[in-house]
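Please consult the sequence and structure shown here alongside the text.

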Amino acid sequence: MTRLILAAKKSTTFVAAADYLAAARPVKKDNIAIYGRSKGGMIVPLAIERFPGRFAAAVDVVGIADMVAYMVYKPGFRGSDVAKQPRFGGKSIAQDAGPYIDVSPLNHVEDIKTPILVLNTTGDKTAPVQLHGGRLIELLKAHNKVFESKIYDNAPGGHIFAEVDSPEARDSEQRIFEFLAKYLHPQAAP
């Protein structure tokens, strides 16, 4: 049986890709995982919150977990770019906070039914662990969700630590493979 890990930019894209592959390829619907990093890492918990039970496992690496906090500490031009996205209708968070609150994974953790691995590092200036991954981990604990996590101490590369050749990046890769093996039921190739 084939295993599949999806990476995408929208939760609906994740689901559409998973449905297509489950129908068109020898991939069992319950043997598909999703992975995302940074804004893609924000989509991972959103996908498993909005489509409970659709994925066998999920991996969030340095994901944005609170869009409200993100908009507060991002420079003005970045906030303007985000506000231009159709979901936000050109409105800043001060003009209409609702869509920003809705798209924040922290606000929907109780809906998670999929095992999730959350990886972060201190020293990340793009998605500071105390505002994003750390809070997500605390909420996963509070809601008794099935998850694993690791927060590295100032891993080289900061926000892109998983892409840097370092002991932390190699450890994170190993953790991802071990986590996915638990939930994707890998079988040896014939």
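The points below are grouped by topic.

The model is predicted: local features need pLDDT of at least 70, side-chain atom pairs count only at pLDDT 80 or more, and totals for chains, interfaces and linings use all residues. Residues are numbered from 1 along each chain as its sequence is written, and side-chain values use heavy atoms, with hydrogens and water left out.

**Nonpolar cores**

- The largest nonpolar core has 19 residues, and I34, I48, F55, I116, L136 and L140 have the most contacts inside it. Such a core is a set of buried Ala, Val, Leu, Ile, Met, Phe, Trp, Tyr and Cys residues joined through side-chain atoms within 4.5 Å; buried means under 20% relative accessible area, exposed over 50%, and partly exposed in between, with a 1.4 Å probe and protein chains only.
- At least two residues of this core come from each of helix 1 (11-24), strand 2 (32-37), helix 2 (39-50), strand 4 (116-121) and helix 6 (133-142). Helices (H or I, at least four residues) and strands (E, at least two) are DSSP runs numbered from the N terminus.
- Another core, of 15 residues, lies apart from it and includes A56, A57, V62 and L117.
- Leaving aside residues up to four places away in sequence, I48 is in contact (heavy atoms within 4.5 Å) with I34, F55, A58, D111, I112, K113, T114 and I116.

**Strand pairing**

- Strand 2 and strand 3 (residues 57-61) run parallel and are joined by 5 bridges; pairing requires that DSSP find at least two bridges between two strands.
- Within this pairing, G36 stands opposite D60.

**Second largest pocket**

- This pocket is lined by 14 residues, with Y35, S172, E173, I176 and F177 nearest its centre. On a 1 Å grid over the protein atoms alone, a pocket is an open set of points where a 1.4 Å probe fits, with protein on both sides within 12 Å along at least five of seven lines; lining residues have an atom within 4 Å of a point.
- Helix 7 (residues 167-184) supplies the largest share of the lining, 7 residues.

**Individual residues**

- Y100 lies in helix 5 (residues 98-102) and counts as buried because its relative accessible area is 0%.
- Y100 and A83 are 17 residues apart in sequence and 9.4 Å apart in space, C-alpha to C-alpha.
- V62 lies in the loop between strand 3 and helix 3 (67-73), and its phi is near 45 degrees.
- N154, in the loop between strand 5 (147-152) and helix 7, has a phi near 50 degrees.
- Most residues other than glycine have a negative phi.
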